[in-house]
Amino acid sequence: MTLIDGYLSGNRPAGAAEAAGATQIGRRHDAFAALFDPTTFRHIERLGIGPGWRCWEVGAGGPSVVSWLAKRVGPTGRVLATATDTSWQTSAARPPVEVRTHDVGADAPPVGGFDLVHARLVLSRVPDLEQALRSMIRALRSGGRLLIEEADPALQPLPCPDEHGPAQELANRLRRALLTQRGSDVAYGRGLPRLLRAAGLRQVEADAYFPLTAPACAALETVTIQQSRTALTTAGLATDEDITTHLASVATGTMDLATSPLVSAWGRKG
């Protein structure tokens, strides 16, 4: 796992204590929900979701999107939530929601002829991207919609776009250190429209969104740096003092922190 992976995907930190790791993951998912759920819901509503729809939420990392989908499809609909780790689902798995352990990059797609398949911050960490896309498209009915959302840190890499002082300069230096470890995946999101067209989808559209100055931005930055602390210092990319100073600055609540843009791309199966 590269240093920035935790920021993008919320994977369990290698070597972390189980309880501490679960707490970090929970905080990350809460931050993602606060930052990106409104955008996700806006796109799904635009695609026409309504009672009776059959939806597949791929790589579900928490209950927020799943619960929202369940309310929209109602008792006559279906929401299948899949992930390789479904430990979050303690209160979500009741009709019309079904929770299932599934690896979209390796397992056969679920049967169901879905009206909507949605994945957020999932594909950039799937080893076999083509297999994952084929699986999701195969699961769609004719006319069904696929919505993929991925981060693109290279579009806007700075946590402090307004770099006006030492605290902001330090924040941006730490982020650049993280991104240097990531490689080409920092530009993944912008390629989604091309990938959806190449996969045969029609009416492909996309947009990008990144929040600036929100409490959840600070929460996400704090978890990201805490999770990356050992890796950053071991690699010689930052000192322990740098990280302590940055976390203290974030805790003041006075920094105008941003996230990487979330690129949303959608299309229709012919």
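Predicted model: local features only at pLDDT ≥ 70, side-chain atom pairs only at ≥ 80, totals over all residues.
1. Helix α5 has 15 residues, and from its first C-alpha to its last it reaches 21 Å, close to the 21 Å expected at 1.5 Å a residue. Nine positions of α5 are listed here as buried: Q168, L170, A171, N172, L174, R175, A177, L178 and L179.

2. For context, the chain contains eight helices and seven strands. Of its 270 residues, 53% count as buried. Among contacts in the chain with a separation of 6 or more, 73% come from residues 24 or more positions apart.

3. The pairing of α5 with α8 comes next. Helix α5 covers residues 166-180 and helix α8 covers residues 240-251; they pack at an angle of about 120 degrees, and their axes are 10 Å apart. The two helices are therefore oblique to each other. The crossing in which α5 passes α8 is left-handed. On the α5 side the contact is made by A167, L170, A171, R173 and L174, and on the α8 side by D242, T245, H246 and S249. Sorted by class, this contact of α5 with α8 holds four nonpolar, three polar and two charged residues. Among the α5 residues in this contact, L170, A171 and L174 are buried.

4. Helix α7 (residues 215-234) also packs with α5: the axes come within 11 Å and cross at roughly 65 degrees. This crossing, too, is left-handed. From α5, the contact uses R175, A177 and L178; from α7, it uses E221, T224, I225, S228 and L232. The classes in the contact of α5 with α7 are four nonpolar, two polar and two charged residues. R175, A177 and L178 of α5 are listed as buried.

5. What is the arrangement of α7 and α8 relative to each other? Their axes come within 10 Å and cross at roughly 175 degrees. Angles over 145 degrees count as roughly antiparallel, and α7 and α8 are therefore roughly antiparallel to each other. Helix α7 contributes A218, E221, T222, I225, Q226, R229, L232 and T233 to the contact, while α8 contributes D240, I243, T244, H246, L247 and V250. By class, the residues of this contact divide into six nonpolar, five polar and three charged.

6. Some residues take part in two of these contacts.

How values were computed
Residues numbered from 1 in each chain as written. Heavy atoms only, no water. Axes fitted to C-alpha atoms, helices over the stretch in contact; angles between N-to-C directions. Helix = DSSP H or I, 4+ residues; strand = E, 2+ residues; numbered from the N terminus. Parallel < 35°, antiparallel > 145°, perpendicular 65-115°, else oblique. Left-handed = near helix turned anticlockwise from the far one by under 90°. Contact = heavy atoms within 4.5 Å. Nonpolar A, V, L, I, M, F, W, Y, C, P; charged D, E, K, R; others polar. Expected span 1.5 Å × (residues − 1). Buried < 20%, exposed > 50% of the residue type's maximum accessible area, 1.4 Å probe, protein only.
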